[in-house]
Amino acid sequence: MDGAYRRREARPLPIRAGVGLKPEHYGAILDEAPDIGWFEVHAENYMGAGGPPHRYLGAIRDRYPLSLHGVGLSIGSARPLDRDHLKRLKLLNERYQPGLFSEHLAWSTHEVFFNDLLPVPYNADSLQCVADHIDEVQETVGRQMLLENPSTYLAFSESTMSEIEFLKEIVRRTGCGLLLDVNNVHVSATNQQSDAIAYLDAFPVEHVGEIHLAGYAPEDDGKGAPLLIDAHDRPIDAMVWSLYEHALRRAGPVPTLVEWDNDVPAWPVLFAEAQRADAVLAGFATAGRRRHAAAG
Amino acid sequence: MRPLGEVQAAFAAALRNPAIGPPAGVVGPDAGPAPRRFAVYRNNVSVSLANALASAFPVVGRIVGAEFFQAMARTYVVAEPPRSPVLLDYGATFADFIASFAPAASLPYLADVARIERAWREAYHAADAVPLGPADFARIGEAEIPRLTLKLHPSARILRSPYPARTIWTMNAIDGVIEPVDLSLAEDSLIGRPEAEVEVRAVPPGGADFIDALFAGAPLGQSAAAGLAAAREFDIAANLAGLIGAGLVIDLSIAEGGALQ
């Protein structure tokens with residue numbers, strides 16, 4: 001049995017590629033002990049009291065560094081954070097001592113839980129709300145969190161500032177770090193008909209502690225324009241690999257996650273995507289790191 | 001400028017009720033209305049929650065087929081959306097919903113199969129505990145046995161059904177073999193996860209009443225009486241051995257006399 005209250009030492013993420021940990025791969029990972037930098041889990045999948053998920057996660061955490069990624073805190077909600085959920089996140093952080101802890105610039109609860117990362121208008125009102133919530137998270141959990149840029153499919157006429165301006169101000173007010181999801185950059189830029197390169201060039205890369213890569217599903221908006229869906233159900237697109245290199249040229253090498261949450265492939269396929277990201281990272285290893293903040 | 005709470009209340013209302021249409025202030029890159037774009041979020045909510053149910057109730061899904069399951073699940077998602085971001089807990093009322101879902105009325109056992117799956121999932125995520133073995137009972141004096149109270153494993157669940165729910169669940173599990181089944185045969189099941197694997201066992205006549213009495217904290221003698229009252233052929237020795245053998249007894253004490261040792 002996993003020693004639930006055995007004290008683990010915090011273990012920072014190496015500057016390598018990791019993958020999202022899926023139950024389908026528990027056996028292969030423990031049997032094959034693959035040479036991979038780290039794993040990331042969705043916190044909500046480990047909020048049961050006990051059972052196999054904690055046994056496997058404990059065994060894998062004892063062998064690899066871990067990143068804890070929340071998908072349900074609803075930081076962008078105008079309503080108060082769910083204190084019980086915050087407490088569950090704090091307990092998971094204490095139990096597994098992840099190298100990084102992250103959540104999204106999004107909301108997902110309004111009376112009911114929508115199980116999706118819903119968009120936030122960018123203005124003074126939402127800025128105050130998100131900053132207050134991040135302060136509360138960091139105080140409660142007792143550590144810095146990283147905030148992830150979202151995939152968006154629409155915009156709000158209420159927005160008065162850009163996403164980049166919003167993120168910069170959040171970092172300034174709260175001292176949080178950033179999780180740069182390069183697939184989300186491509187998805188949002190395509191959907192908003194803006195320039196992904198310009199977005200990356202303006203991104204405050206000195207605060208980026210982690211990068212995400214994933215596959216998207218191409219659709220259209222019914223008016224003849226492409227509409228990309230952040231589906232996490234296929235390999236990373238060539239354009240996203242290219243933007244990833246652009247991001248690394250600015251940020252220097254950063255721990256990078258390959259996300260594949262739907263139509264999960266066999267372990268060797270996912271591992272190969274991580275090895276490809278590792279190879280890209282290795283090309284930037286000698287360039288040195290220009291970033292300063294956001295280390296666990 | 002509307003406050004954030006107002007924007008989100010309108011967004012949430014439109015997510016939950018397609019008849020409302022996209023909320024005001026939601027625009028595409030041309031600054032015009034964006035119904036197709038808003039529909040992505042509505043679709044994500046519906047599909048992701050229905051898929052969460054599909055992964056929690058795989059046997060129900062195999063019995064009714066994917067298309068029927070999706071339609072049933074999406075109806076449930078609208079009627080009873082989750083209140084917590086911990087989706088491991090979502091679907092506690094799905095079996096009751098199935099029981100009242102008219103299109104599934106021709107499968108009267110379906111709700112009980114769903115109850116087994118729900119108990120399976122609860123057992124999977126329940127707190128861990130170390131089972132007692134036969135040796136732990138060897139030092140109990142015969143006279144003390146009726147006064148013995150047993151603490152059962154946190155994963156243990158009883159499911160009573162007027163249908164052969166466990167047999168149907170077993171036949172429709174992965175690798176199950178479908179055979180004709182007599183729907184008039186009632187079956188009670190004991191679901192538990194003493195170690196890593198969830199087990200679903202048949203409970204002999206009277207066993208469900210016996211175990212429910214143990215759950216309620218009744219001592220062994222009183223619990224056996226409950227089993228006997230339910231079924232004349234109730235066999236206390238076989239039922240107790242079955243429970244211990246299943247690894248679902250985690251502690252024992254002597255009623256009135258305080259804790260053992």
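1. Basis. The model is predicted; local features need pLDDT of at least 70, side-chain atom pairs count only at pLDDT 80 or more, and totals for chains, interfaces and linings use all residues. Residues are numbered from 1 along each chain as its sequence is written, with chains lettered from A and ligands numbered from 1 in the order in which they are written.

2. The interface. In chain A, 42 residues are in contact with 42 residues of chain B (C-beta atoms, placed from the backbone, within 7 Å). Elements of chain A that each supply at least two residues include α2 (52–61), β5 (107–110) and α4 (124–141). The largest share, six residues, comes from β6(A). Helices (H or I, at least four residues) and strands (E, at least two) are DSSP runs, numbered from the N terminus.

3. Composition. The side of chain A that touches chain B has 18 nonpolar, 16 polar and eight charged residues. Nonpolar means Ala, Val, Leu, Ile, Met, Phe, Trp, Tyr, Cys and Pro; charged means Asp, Glu, Lys and Arg; the others, Gly among them, are polar.

4. β8(A) pairs with β1 (residues 26–27) of chain B, antiparallel, over two bridges; pairing requires at least two DSSP bridges. A:Phe156 stands opposite B:Val26.

5. Helix α9(B). Seven of the nine residues of α9 (residues 207–215) of chain B are buried, so the helix is largely enclosed by the rest of the structure. Buried means 20 or more other C-beta atoms, placed from the backbone, within 10 Å of a residue's own. Among them are B:Phe210, B:Ile211 and B:Leu214. Packing partners of the buried residues include β4 (187–192) and α11 (236–245) of chain B. B:Gly217 follows the helix, with a positive phi near 95°.

Notes. Two residues are in contact if their C-beta atoms, placed from the backbone, lie within 7 Å. A residue is buried if 20 or more other C-beta atoms lie within 10 Å of its own, exposed if 12 or fewer, and partly exposed in between; C-beta atoms are placed from the backbone.
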